[in-house]
Amino acid sequence: MSMKKQFRATEQKVALYEYLKKARSHPTAEEIYNVLKPSYRQLSLATVYRGLESLQKQNAVLEILDLNGKAHFDGFVHNHDHFFCEKCKKIYDFNEKSILKNLQDIPCARRGFKINSYQLIFSGKCHICRKKERR
């Protein structure tokens with residue numbers, strides 16, 4: 001099945017999805033717009049927001065809110081954790097085996113809730129910012 005049929009998407013929405021599958025920087029809607037705009041003259045920021053909303057509903061992208069409440073997007077939808085650097089504001093994937101080894105051990109699961117997915121975001125200073133401070 002082609003991506004256009006899978007998402008019932010325009011060329012712009014397919015480009016948005018493909019960009020997020022490659023991007024590791026967890027871009028904001030505005031950053032995505034700035035990258036794609038030169039290739040898609042008719043693209044608007046509103047189109048990017050609508051596309052992101054649609055892709056989220058289809059579980060094709062994750063929305064990650066940073067500590068300031070700003071939305072970032074991730075094309076990798078498997079359960080994985082994130083680290084938000086409070087200094088440089090970058091978001092990093094934390095690709096270790098999940099810290100939550102067994103979802104059934106989480107208190108809400110023990111009380112009968114069924115967990116389908118979760119997001120865990122650590123915050124602090126990244127290794128790059130810490131290295132700069134030590135100099």
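Is Lys 70 buried, partly exposed or exposed, at 38% relative accessibility? Lys 70 counts as partly exposed, where buried means under 20% relative accessible area, exposed over 50%, and partly exposed in between (1.4 Å probe, protein chains only). Accessible areas come from the Shrake-Rupley method with a 1.4 Å probe, and for residues only the protein chains shown count as cover.

The model is predicted: local features need pLDDT of at least 70, side-chain atom pairs count only at pLDDT 80 or more, and totals for chains, interfaces and linings use all residues. Residues are numbered from 1 along each chain as its sequence is written, and side-chain values use heavy atoms, with hydrogens and water left out.

The protein chain averages a pLDDT of 85, pLDDT being the predictor's confidence in each residue, from 0 to 100. A score of at least 70 is reached by 85% of the residues. Among the elements, helix α3 (residues 29-36) has the highest mean pLDDT, 97. Helix α1 (residues 3-7) has the lowest, 50.

The secondary structure comes to 6 helices and 5 strands. Helices (H or I, at least four residues) and strands (E, at least two) are DSSP runs, numbered from the N terminus. Along the sequence the pattern reads α-α-α-α-β-β-β-β-α-β-α. Of the 135 residues, 33% count as buried.

The count of salt bridges comes to 5. A salt bridge is a side-chain nitrogen of Lys or Arg within 4 Å of a carboxyl oxygen of Asp or Glu. One of them joins Lys 70 to Glu 30, with the closest N and O atoms 3.5 Å apart. This pair links distant parts of the chain. Lys 70 sits in the loop between β1 (62-65) and β2, Glu 30 in helix α3, and 40 residues separate them. Glu 30 is partly exposed, with a relative accessible area of 28%.

Arg 24 and Asp 74 form another salt bridge (4.0 Å, N to O). Here too distant parts of the chain are linked: Arg 24 lies in the loop between α2 and α3, Asp 74 in strand β2 (residues 71-74), and the two are 50 residues apart. Arg 24 counts as partly exposed because its relative accessibility is 39%. Asp 74, at 2%, counts as buried.

Lys 125 and Glu 133 also meet in a salt bridge, with 2.6 Å between the closest N and O atoms. Lys 125 is partly exposed at 40% relative accessibility. Glu 133 is partly exposed as well, with a relative accessible area of 43%. Salt bridges that share partners join Arg 24, Asp 74 and Asp 93 into one network.

The loop between α2 (11-22) and α3 also holds His 26. His 26 has a positive phi of about 55 degrees, although it is not a glycine. Most residues other than glycine have a negative phi. His 26 is buried, with a relative accessible area of 2%. Ala 23 lies in the loop between α2 and α3. At 12% relative accessibility, Ala 23 counts as buried. Ala 23 and Phe 76 are 53 residues apart in sequence, and their C-alpha atoms are 9.4 Å apart.

A further loop runs between β3 (81-85) and β4 (91-94), and Lys 89 is found there. Lys 89 is not a glycine, yet its phi is positive, about 70 degrees. Lys 89 counts as partly exposed because its relative accessibility is 40%. Glu 86 lies in the loop between β3 and β4. With a relative accessible area of 41%, Glu 86 is partly exposed. The C-alpha atoms of Glu 86 and Ser 123 are separated by 6.5 Å, although the residues are 37 apart along the chain.

A positive surface patch is formed by Lys 87, Lys 90, Arg 130, Lys 131, Lys 132, Arg 134 and Arg 135. Patches are made of residues with over 30% relative accessible area and no salt bridge; like charges are joined within 9 Å, and nonpolar side chains (Val, Leu, Ile, Met, Phe, Trp, Tyr) within 5 Å. Lys and Arg count as positive and Asp and Glu as negative; His and the chain ends are not counted. The place of a charge is taken as NZ of Lys, CZ of Arg, CG of Asp or CD of Glu. Arg 134 is found in helix α6 (residues 127-134). Arg 134 counts as exposed, at 60% relative accessibility.
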